[in-house]
There are 2 protein chains.
Amino acid sequence: MFSRELIAASARPLLLSILAEGESYGYALAQRARQLSQEQVKWTDGMLYPVLHRLEEEELITSEWREAETGRERKYYRLTRDGRRALEKEKAQWLAAHHTLLQLWNPKLALT
Amino acid sequence: MFSRELIAASARPLLLSILAEGESYGYALAQRARQLSQEQVKWTDGMLYPVLHRLEEEELITSEWREAETGRERKYYRLTRDGRRALEKEKAQWLAAHHTLLQLWNPKLALT
DNA sequence: TGACATACATCGATGAACGAGGTATAGTGG
DNA sequence: CCACTATACCTCGTTCATCGATGTATGTCA
């Protein structure tokens with residue numbers, strides 16, 4: 001399991017990146033993150049929904065209640081243009097941090 | 001500048017990694033992080049010293065007041081054996097998170 | 001009918017960075 | 001010699017975000 005801090009730092013880039021694959025909803029987003037991370041990212045409801053609401057407030061994503069094939073109501077989220085821009089920034093920041101650490105871990109090839 | 005969350009997530013691995021290069025002290029650690037990150041990691045005193053104290057309490061580092069060549073007193077920190085182990089864990093966690101994101105950003109070669 | 005997975009949400013406790021404030025010494029330029 | 005800057009440590013209140021608990025429903029399967 002990732003540390004509290006790593007969960008916090010990866011939450012936004014992860015959510016935005018998953019939504020860049022196509023629209024999705026809360027529960028599925030949590031599952032996708034879990035699957036991609038080999039069970040290491042286990043978002044609690046208590047953090048996931050507030051984060052989604054914050055992203056929506058920032059207009060990085062939009063939501064729409066829609067009936068799923070199962071007959072059940074779900075709140076589908078979709079990236080906005082601003083969301084795509086925000087993702088690029090998150091990505092750049094992450095890669096910069098990664099590069100910083102890589103210089104210490106792998107002094108020779110700090111290029112990845 | 002890194003986001004609050006990225007600062008938080010990278011602080012421990014960064015500190016432990018820098019100390020793995022050899023002993024150092026608070027002020028120098030902050031400068032080294034700043035330099036490695038191209039001015040992007042600007043630790044405030046208000047976070048740096050409490051983190052160091054926490055790491056010491058966890059016995060991942062030890063400290064020693066010593067007079068520097070400058071004639072000035074400094075508190076030098078050094079990695080413990082547990083600290084080295086903790087660094088390996090931090091590293092593994094970071095790389096796992098990185099790998100998770102890379103799958104979304106670069107579906108083909110998610111190997112770095 | 002009961003258990004479980006799905007699906008959303010809020011809220012109080014906890015944990016951590018940030019900014020402000022404090023103390024003190026060494027070096028530099030006027 | 002004095003002012004300023006960089007160095008060097010520290011603490012504390014505010015702010016912000018996750019975590020765990022709790023609540024409400026619905027669909028599915030035995």
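Which residues does Ser10(A) touch, not counting residues up to four places away in sequence? Ser10(A) touches Ala97(B) and Leu101(B), where two residues are in contact if their C-beta atoms, placed from the backbone, lie within 7 Å. The model is predicted: local features need pLDDT of at least 70, side-chain atom pairs count only at pLDDT 80 or more, and totals for chains, interfaces and linings use all residues. Residues are numbered from 1 along each chain as its sequence is written, while chains are lettered from A and ligands numbered from 1 in the order in which they are written.

**Figure 1. Ser10(A) and its surroundings.** Ser10(A) lies in helix α1 (residues 4–20) of chain A; helices (H or I, at least four residues) and strands (E, at least two) are DSSP runs, numbered from the N terminus. Ser10(A) counts as buried because 27 C-beta neighbours lie inside 10 Å. The term buried applies if 20 or more other C-beta atoms lie within 10 Å of the residue's own, exposed if 12 or fewer, and partly exposed in between, with C-beta atoms placed from the backbone. Val41(A) is 31 residues from Ser10(A) in sequence, and the C-alpha atoms of the two are 9.3 Å apart in space.

**Figure 2. Chain A as a whole.** Four helices and three strands make up the secondary structure of chain A, and from the N terminus on its elements run α-β-α-α-β-β-α. The C-alpha trace of chain A spans about 55 × 30 × 20 Å along its principal axes. Chain A has 112 residues, of which 29% count as buried. Among the contacts in chain A with a separation of 6 or more, 47% join residues 24 or more positions apart.

**Figure 3. The contact between chains A and B.** Chain A brings 27 residues to the contact, and chain B brings 27 residues. On the side of chain A that touches chain B, α1 and α4 (81–105) of chain A each supply at least two residues. The largest share of that side, eleven residues, comes from α4(A). By class, the side of chain A that touches chain B holds 15 nonpolar, ten polar and two charged residues; Ala, Val, Leu, Ile, Met, Phe, Trp, Tyr, Cys and Pro count as nonpolar, Asp, Glu, Lys and Arg as charged, and the others, Gly among them, as polar.

**Figure 4. The relation of the two copies.** The same surface serves both copies, since 100% of the contact residues of chain A recur in chain B.

**Figure 5. The largest nonpolar core.** This core has 46 residues, and those with the most contacts inside it are Leu16(A) and Leu16(B). A nonpolar core is a set of buried Ala, Val, Leu, Ile, Met, Phe, Trp, Tyr and Cys residues joined through C-beta atoms within 7 Å. Not counting residues up to four places away in sequence, Leu16(A) touches Leu60(A), Leu79(A), Gly83(A), Ala86(A), Leu87(A) and Glu90(A).

Figure 6. In chain A, three strands form an open sheet in the order β1-β3-β2, with antiparallel pairing; two strands pair if DSSP finds at least two bridges between them. The edge strands of chain A are β1 (24–25) and β2 (61–67), each of which pairs on one side only. Two bridges join β1(A) and β3(A), and Ser24(A) stands opposite Tyr77(A) in β3(A). In chain B, seven bridges join strand β2 (residues 61–67) to β3(B), and the two run antiparallel. Five residues lie between the strands of the hairpin of β2(B) and β3(B), where Gly71(B) takes a positive phi near 90°.

**Figure 7. The surface near DNA strand D.** Among the 27 residues that surround DNA strand D, the closest are Gly46(A), Tyr25(B), Gly26(B), Tyr27(B) and Asp45(B). A residue is near a molecule or strand if its C-beta atom, placed from the backbone, lies within 6 Å of it. The residues of this surface near DNA strand D divide into twelve nonpolar, eight polar and seven charged.

**Figure 8. The surface near DNA strand C.** Of the 27 residues around DNA strand C, Tyr25(A), Gly26(A), Tyr27(A), Asp45(A) and Gly46(B) come nearest. Elements of both chains give two or more residues to this surface: α2, α3 and β3 of chain A together with α1 and α3 of chain B.
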